[in-house]
Amino acid sequence: MDEVKRIFLDFSPSPASYPSTKSYDAAAKSYAASVTKLSSDVQTAIQRNPIEALQLVDPSTNSIGYLSIIDTLLRGSVPESTPRSLLLDEAVRFLLKFDPIQIRYVGSLFRSLLEDLGSFFSPLVAVELLANAILRIDPSGSVFTSTHLVMAKLAYDTNCIEPALKVLDADILFYPRNTHPARPENAKNLYDTEVEPYVYIASASLTDAIKSTSILEYHLLQAMAYISRKDWPKAQVALERVIGHPIKDKGVSKIMVDGYKKWLLVGLLREGRPPSFPSYITNATKSTYNGLSEAYNNIATLFTTDGASALKEEFEKGRPTWEEDSNLTLLEEALVSYQKWQVINLRRIYHQVSISQIRQTTLSAQTAETLKDDGEVLQLVSDMIDSGMLKGKLQVGLTAGESYVTFHEEHDLMTEADFAREVARSHASIETLTKQYRVTNERLSSTKDYARHLVREQKRMDKDIADAGVGFDTHIEDEDLMTGVLGGA
Amino acid sequence: MAAPASTQPSSEAQTYAKTPDVIVSDLPKLDIDLYIQNYVGRTRYERLILIGRCCVPLRVEALKAAVAEAKSGSDVTRYKDAWQLLRSVAPDEPEAKRDDEWIESTELANRTETTRLETELKGYRNNLIKESIRMGNEDLGKHFESIGKLTEATDAYNKMRHDVSTTKHIFDCGMHLASVAFQRHDWATVLSNVGKIANIQTGDDEQAQQAYTKVASGVALMGLGNYYDAANTLLHTNPNVSPTEYNTVASPNDVAIYGGLLALATMDRKALQARILDNQSFRMFLEHEPHIRKAISLFVNGRYSNCLTILEGVKADYLLDIYLQPHIPTIYSRIREKCIVQYFIPFSCVTLDSLDAAFGTPNQSVELELIRMIRDGSLRARIDAKSKLLVAVSPDPRLVVQTNALAVARKYEQEAKERLRRVNLIVAGLEVSGTKKQPGGGVGGGVGGPEVEEAWYEDITQLPSQGAERVQES
């Protein structure tokens with residue numbers, strides 16, 4: 001146990017006790033190296049005296065040491081006298097309080113702990129802890145890491161979406177470049193508090209290698225999570241990230257096609273009509289999508305028409321397809337919403353309309369008929385108003401003919417102050433984006449590839465100038481113009 | 001399009017089997033003799049037959065005239081058609097007796113004439129005299145047209161084109177072709193042929209020719225359903241040209257009716273006032289048809305229900321017009337819609353009852369019509385079913401501005417984020433690569449090749465610069 005103490009207390013966690021940040025950096029690095037490569041004797045010593053070991057260092061000030069201890073304890077066998085719940089409580093305490101800078105020195109160990117959280121805790125706790133840890137490492141949540149995918153999978157599979165929302169809601173803007181696997185001992189600037197998250201996350205190996213499929217999968221899971229919460233706008237945004245993923249060589253992956261199918265249905269649910277493609281999707285990709293999902297396109301086209309029976313027929317015809325793509329529930333949801341959208345569209349025609357008129361003019365796509373009695377219509381409309389889908393007011397009279405719906409404007413008028421606040425928010429967020437663009441631009445200007453491109457451009461320019469000197473271009477003009485034409489043909 | 005020609009025996013059978021789409025049982029105001037003397041050429045027979053088929057009160061008279069008309073020409077098929085129709089309507093009339101002698105002699109004469117003209121043409125061809133060949137073709141075309149062989153007539157007229165030498169010839173050729181196309185109701189061909197001769201400068205009778213091209217293309221545009229252009233074209237017809245220039249197609253009365261109705265259906269009140277009522281030249285046409293002028297001025301003065309009543313009163317006559325008939329329902333409903341829209345403009349809300357009083361028919365409310373109009377966007381209003389009101393949509397400009405501004409800001413923000421994300425994705429080399437996904441994966445071998453690398457550079461270098469530009473714009 002003395003050996004343990006010697007190893008773990010050989011570091012003063014406060015940066016103030018070092019003459020310079022550089023020496024702190026060096027000390028932290030060597031400390032991290034020693035605590036992550038414990039000999040088996042030391043490990044056994046820790047496992048024999050768990051309580052004592054845990055009290056050696058403080059989780060919030062010396063996160064490097066604490067991580068190593070808790071990791072050794074969780075993965076090893078501890079004496080019966082120490083209840084496992086105690087260890088888990090300590091782990092929770094650590095995960096909520098860890099120092100986000102120190103953790104960079106033990107990135108890969110921390111990551112593997114995060115990845116295994118699902119097996120230590122109940123899903124709800126694990127998802128909450130993961131989401132917390134991700135946001136502690138990178139408060140903006142704008143850098144994609146392999147942990148994101150772990151969390152999304154766990155959250156969706158175990159249906160614990162609530163605690164994951166704070167991470168899912170954050171816009172992902174950056175992706176760590178994993179061209180050279182990082183080694184913490186070589187990493188620079190780990191201590192720098194100013195450095196951008198995408199720099200340290202990659203160099204501290206707080207993320208595993210990322211493939212395009214992991215990103216697609218993450219966004220698809222994100223969309224599925226929103227779909228299960230019936231949050232159509234967010235689901236649509238997430239799916240747009242899937243279908244609009246940059247493509248090389250005109251290929252479209254299967255995840256993207258799946259995403260497209262869901263995107264179409266979610267669009268129907270959200271807007272009542274087929275969604276329009278984001279501007280950055282090329283025509284070739286669009287036609288690939290259209291070609292691969294004809295059944296879905298038919299549904300989308302019929303959705304905006306009066307043809308409830310045709311819609312129903314198409315739905316029945318495509319049942320095997322929906323089941324195969326596991327979109328059946330989403331489609332059923334869409335069919336249910338068909339009548340709702342018809343009611344909403346009555347807003348364009350009526351200012352006030354009676355319940356019996358609604359019953360006569362709208363069809364249900366489930367039966368391809370009008371609803372059987374006015375009570376059902378009343379129920380439908382009041383549900384829609386309650387859920388906020390329909391803006392309006394219901395005046396219930398003695399009979400259905402005397403019950404009316406008054407449609408309100410789609411958007412409420414804001415006060416000037418609210419409006420100004422909203423505009424200011426947009427402005428601020430665009431300002432931030434501008435800054436990020438600038439940063440990205442600088443970062444890109446210094447990449448190897450850009451430099452190579454510049455050199456190549458330079459060479460080409462030189463060549464052009466050389467050509468001009470010889471007068472090759474002017475030479476051509478003097479000759480028979482037909483030669484050029486024939487050569488080109 | 002109508003059956004291409006009445007020459008084929010099969011279409012003959014169809015002629016009586018088919019009941020006409022429109023049956024007019026009200027007594028129209030027109031007098032057949034006066035009406036038909038406005039026209040010359042083959043359109044007379046067509047017009048008479050149409051009246052004979054569709055108009056119950058006038059059909060015997062019209063068909064008798066049609067039989068006489070057919071007999072004065074040499075088109076045997078037409079005679080047979082008219083006779084069949086007359087026989088089914090009035091078997092006791094003397095004209096209902098089939099004149100087999102005439103048929104035989106005419107057929108024989110037609111055959112002889114065809115052979116004669118063809119032989120003559122052959123002779124001209126051998127002599128290689130261009131002008132004679134052209135005239136030979138023209139004669140043959142005219143002959144074929146007169147005996148109802150429209151396809152052959154088109155061929156012959158088309159052959160004229162090879163030997164034209166003056167602009168007058170070009171004009172004749174185009175006019176003949178247009179005339180045949182009119183009989184086949186092939187509007188696109190009429191337009192293309194008229195278009196070819198519209199800008200020919202011939203000097204003396206330029207004005208006369210222009211009148212013909214205007215009327216012909218106006219009617220053809222109407223046939224195609226292009227009402228606004230048709231009205232515009234007809235409005236430019238020169239009234240000082242003698243109607244004989246274009247009476248193979250339409251009479252000045254027709255020009256007034258077509259032009260006036262189409263303008264009423266497509267133009268707003270200001271344009272109607274300026275381009276019809278204040279238009280000196282078109283006024284001269286309108287003098288032939290005071291109803292139309294009355295209807296237009298009532299519309300301009302805001303007395304919509306009176307306007308509609310007048311139009312309703314002359315509807316029977318218009319339905320008996322050969323070119324107007326298929327379009328009357330559309331034109332009338334457009335005018336009606338316009339009346340409703342115009343009627344509603346000065347109000348912020350109107351009771352449905354008063355709309356019914358103004359536009360409704362005794363047993364049908366205008367509500368369904370209103371719903372249709374709101375749905376396709378021609379009427380900007382909402383129905384208040386509770387208080388039985390039609391309420392004008394008056395969007396709050398502040399709300400519109402707010403909604404738009406926020407939508408733009410949100411969209412910009414989202415797109416900027418998305419572009420940044422894509423830049424970073426591409427920098428990190430995380431695009432989906434098509435070649436990798438292909439089964440077999442044989443194509444993936446070329447990854448290290450120079451082309452792939454080229455594309456890679458392009459991708460990276462273009463996107464960031466775009467992004468930067470966007471930001472600077474802001």
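Tutor: Two strands are said to pair if DSSP finds at least two bridges between them. With that idea in hand, we may turn to this structure, which is a predicted model.

Student: In what order do the strands of the open sheet stand, and what is the sense of the pairing?

Tutor: The open sheet has 6 strands, in the order β3(A)-β4(A)-β2(A)-β2(B)-β3(B)-β1(B), and its pairing is mixed. At the edges stand β3 (392-395) of chain A and β1 (349-351) of chain B; each has a single partner strand, so one side of each is left without a neighbour in the sheet. On average, neighbouring strands of this sheet are turned by 20° against each other, direction ignored.

Student: How many bridges join β2 and β3 of chain B, and do they run parallel or antiparallel?

Tutor: Strand β2 (residues 381-384) of chain B and strand β3 (residues 389-392) of chain B run antiparallel and are joined by 4 bridges. Within this pair, B:Ala381 stands opposite B:Ala392.

Student: Which strand of chain B pairs with β1(A)?

Tutor: The partner of β1(A) is strand β4 (residues 432-433) of chain B; the two pair in the parallel sense over 2 bridges. Here A:Ile247 stands opposite B:Val432 of β4(B).

Student: How many residues of each chain are in contact with the other, and which element of chain A gives the most?

Tutor: On one side are 49 residues of chain A, in contact with 46 residues of chain B. The elements of chain A that give two or more residues to its side are α13 (212-228), β1 (247-248), β2 (350-354), α23 (416-445) and α24 (448-470). Of these, α23(A) gives the most, with 13 residues. By class, the side of chain A that touches chain B has 24 nonpolar, 16 polar and 9 charged residues.

Student: How does one read a helix pair, and at what angle do α9(B) and α10(B) cross?

Tutor: The general idea is to compare directions: an angle over 145 degrees counts as roughly antiparallel. The axes of helix α9 (residues 167-183) and helix α10 (residues 187-198) of chain B come within 8 Å and cross at roughly 165°. Therefore α9(B) is roughly antiparallel to α10(B). The residues that make this contact include B:Phe171 and B:Leu177 of α9(B), and B:Val190 and B:Ile197 of α10(B). The contact divides into 10 nonpolar, 3 polar and 1 charged residues.

Student: What is the secondary structure of chain B as a whole, and what share of its residues is buried?

Tutor: Chain B has 24 helices and 4 strands, and 37% of its 474 residues count as buried.

Technical notes:
Residues numbered from 1 in each chain as written. Chains lettered and ligands numbered in written order. Predicted model: local features only at pLDDT ≥ 70, side-chain atom pairs only at ≥ 80, totals over all residues. Axes fitted to C-alpha atoms, helices over the stretch in contact; angles between N-to-C directions. Parallel < 35°, antiparallel > 145°, perpendicular 65-115°, else oblique. Contact = placed C-beta atoms within 7 Å. Nonpolar A, V, L, I, M, F, W, Y, C, P; charged D, E, K, R; others polar. Buried ≥ 20, exposed ≤ 12 C-beta atoms within 10 Å, placed from the backbone.
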